[in-house]
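Please read this briefing with the sequence and the 3D structure side by side. It covers helix packing, a surface patch and charged pairs.

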Amino acid sequence: MRFPFLHSGASVKVDRGQMGKDNQKSMGVARQSMRVFGRRIPGFVVGILLGVVVNGSIALLPLIPTLLIDRIITPALGGQVVLSDNLFSGFLKGQRADDYVGSFLILAGVFLVLMVAKHGVSYGRWLLLQSVGTKGENDLREKVFGKMVAQNGLGASKYTSGDLITICTSDIVVVKDFYADQVVYFFGVLTFWGLSAYFLLTIHWLLILCPLVGGVLSLVCMRWYTKTSNKRYAKIRDVSGELSTTVQENIQGVRVVRAYATESIEQAKFDKQNEGFRQAYLDNAKTQAKYTTIFNAIGSAIMLGSMGIAIYLALESKLTIGQFATFFAYINLISFPFYTLAGVLSEYQNFVVSGKRLFGFLNAPNSIQDGKLALQKIGSTPSIVVRDASVSEGEQVLLRDISVDLPYGKKLGIMGRTGSGKTVFIKALCRFFDMGEKEGGVILVDGVDVRDLGVEEVRRVFGYVMQDVFLFSDTVHNNIAFYEPGASLETVQKVAKIACADLFVTGLQDGYDTIIGEKGVGLSGGQKQRLSIARALLKNAPVLLFDDCTSALDMETEQKILQGIKEHYPDRTLVIASHRASSVKHCDEILYFEDGAIVEKGSHEELLALGGRYATVYQAQEAARVDCLD
């Protein structure tokens with residue numbers, strides 16, 4: 001299922017596992033995310049610095065027990081005062097050796113200051129990072145949504161709705177959480193390791209030997225783990241997008257499923273994908289459990305080996321009791337990150353996978369872009385000229401050498417079989433397609449190439465009623481007033497009457513305030529088409545484009561709508577693409593498309609006299625109409 005406001009009608013088959021990779025720039029995901037977060041980066045930096053303060057406070061705390069044991073507890077129990085020296089020894093200068101209470105109060109005060117600093121700064125850091133993180137998340141989501149609505153159809157067709165929803169929701173949250181949580185945790189670990197290693201070195205250099213060996217072993221394991229974990233998270237992202245798409249398609253297409261009684265088939269499809277989703281998570285859990293065990297073992301080995309060394313040093317009288325206690329606290333600080341290392345690396349790989357998808361989408365080039373005259377306005381009575389316009393998709397030619405003059409006020413009809421190029425031509429007018437360099441051709445509005453103008457300015461000129469009607473889950477009033485949300489009820493009713501929609505709308509339970517179900521669920525095809533026509537008329541654009549938008553209407557209603565448009569918008573340019581000859585017979589000129597090219601052109605009378613394809617279709621439809629009347 002594609003997003004209807006993105007889909008161009010043309011689709012491109014791609015390997016979804018490769019999405020974003022072709023568009024990925026050489027710089028890493030982390031660097032790209034920093035660029036996108038932009039002005040939020042200083043907030044993250046302050047949060048990281050506050051985290052360093054918090055973790056630094058924690059790393060300083062074990063120094064206090066050294067002094068408590070060696071200078072207070074040991075002599076108080078009858079042992080000898082040990083004048084061990086560390087960062088806080090200066091606070092005890094001038095204190096009598098036997099003033100245990102005074103020394104204790106000083107050290108307790110230092111401990112209290114550190115704890116207040118730790119908890120106070122931690123509270124402020126948490127609030128700051130959550131505030132900055134959510135703002136950064138909103139910034140990213142706005143960029144992604146802006147990219148979605150600006151993306152041309154061919155670019156958007158590479159992504160299913162499930163993929164785009166995953167990008168706009170969970171992928172953005174993963175990127176935000178990485179900066180708000182994991183980056184701060186990483187710098188906290190560096191603070192733990194750095195200060196702990198330094199203070200252990202001040203006690204004895206042998207105490208740092210096991211942590212160094214364990215760190216080297218962890219680096220080797222990290223290389224294996226990150227490679228495997230990346231594949232696991234990529235698989236999870238793929239199956240998650242597929243599952244979301246299946247759920248959405250079955251919700252939106254539930255009536256089709258019921259009509260064909262294929263509930264069991266859809267259930268089997270869902271069960272298969274749901275099992276794949278479960279298996280992907282299970283595979284990732286197995287990988288994480290395996291490496292968690294390895295890292296835990298390394299952490300335990302570090303602690304056990306270091307304790308053996310510390311006991312040896314104590315027996316050799318190279319460690320005091322207080323220093324041994326401090327060593328035990330620091331070796332815990334050093335070993336603890338090893339127990340959580342698998343989880344941190346897992347989150348990092350999740351960030352990398354999500355970031356590749358996210359920034360692959362954001363960096364995808366949009367072939368439909370504002371031109372050098374983007375600020376130039378188009379007049380209220382635009383004249384359109386199409387010269388040798390050709391459009392192709394890969395090897396398939398969609399339009400071939402189309403030339404049409406559309407002076408303001410002209411009524412143009414387009415006919416042709418399904419797939420003949422009618423819709424592509426109309427979308428090319430709106431710049432949903434551009435003429436490529438190899439195809440050539442040009443579309444001019446008031447003598448200016450549309451590729452030189454702003455995209456929004458070009459599309460402002462057209463009131464486009466699409467072949468595939470899309471209605472929002474909103475009131476009837478708001479659906480009609482989509483282009484002008486503040487439109488009055490009187491204005492909405494006026495265009496609804498022209499579109500022959502007022503009668504059935506007033507019959508609804510809440511009239512124009514009736515909530516339409518998603519994609520117009522609860523309305524017939526003809527009702528949806530009439531609301532779509534009313535929406536285009538309210539835009540009051542100088543050029544009206546009707547792309548087979550009356551196919552679900554009876555001929556009488558269709559003629560009433562066309563007559564109403566001629567009466568209320570007599571001077572507007574009108575382009576009607578239809579399978580019905582009766583819809584275009586009164587146009588100034590009729591084009592008959594075949595295989596992306598114009599094979600016949602002229603007025604209704606001229607084409608009948610020609611006796612070609614148009615005449616054959618018209619005569620067949622007239623004969624069928626007469627048979628129905630009989």
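The points below are grouped by topic.

This is a predicted model, in which local features need pLDDT of at least 70, side-chain atom pairs count only at pLDDT 80 or more, and totals for chains, interfaces and linings use all residues. Residues are numbered from 1 along each chain as its sequence is written, and side-chain values use heavy atoms, with hydrogens and water left out. Helices (H or I, at least four residues) and strands (E, at least two) are DSSP runs, numbered from the N terminus.

**Helix packing**

- Two packed helices are described by the angle between their axes and the distance between the axes.
- Axes here are lines fitted to C-alpha atoms, for helices over the stretch in contact, and angles run from 0 to 180 degrees between N-to-C directions.
- Helix α3 (residues 63-76) and helix α4 (residues 100-150) have axes that come within 10 Å and cross at roughly 160°.
- α3 and α4 are therefore roughly antiparallel (angles over 145 degrees; under 35 is roughly parallel, 65 to 115 roughly perpendicular, the rest oblique).
- The crossing of α3 and α4 is left-handed (the near helix is turned anticlockwise from the far one by less than a right angle; clockwise is right-handed).
- Helix α2 (residues 41-60) also meets α4: the axes come within 9 Å and cross at roughly 155°.
- That makes α2 roughly antiparallel to α4.
- The crossing of α2 and α4 is left-handed.

**Surface patch**

- A nonpolar surface patch is formed by V52, F186, F187, L190 and W193, with about 400 Å² of accessible area together.
- Patches are made of residues with over 30% relative accessible area and no salt bridge; like charges are joined within 9 Å, nonpolar side chains (Val, Leu, Ile, Met, Phe, Trp, Tyr) within 5 Å.
- Accessible areas come from the Shrake-Rupley method with a 1.4 Å probe; for residues, only the protein chains shown count as cover.
- Helix α6 (residues 161-203) gives the largest share of the patch, four residues.
- L190 lies in α6 and is partly exposed at 40% relative accessibility.
- Buried means under 20% relative accessible area, exposed over 50%, and partly exposed in between (1.4 Å probe, protein chains only).

**A buried loop residue**

- I208 sits in the loop between α6 and α7 (209-252).
- I208 is buried, with a relative accessible area of 11%.
- The C-alpha atoms of I208 and I309 are 9.7 Å apart, although 101 residues separate the two along the chain.

**Salt bridges**

- Side chains of opposite charge can pair when their charged atoms come close.
- With a salt bridge taken as a side-chain nitrogen of Lys or Arg within 4 Å of a carboxyl oxygen of Asp or Glu, the count comes to 15.
- E589 and K410 form a salt bridge (2.5 Å, N to O).
- E589 lies in strand β9 (residues 589-594) and K410 in the loop between β2 (396-406) and β3 (411-416), so the pair ties together parts 179 residues apart in sequence.
- Both E589 and K410 are buried.
- R451 pairs with D449 in a salt bridge, with the closest N and O atoms 2.9 Å apart.
- R451 is partly exposed at 27% relative accessible area, whereas D449 is buried at 15%.
- R460 and E457 meet in a salt bridge (2.7 Å, N to O).
- Both R460 and E457 lie in helix α12 (residues 455-460), three residues apart, about one turn of the helix.
- R460 is partly exposed at 30%, and E457 is buried at 8%.
- A network of salt bridges links E137, R141, K176 and D177.
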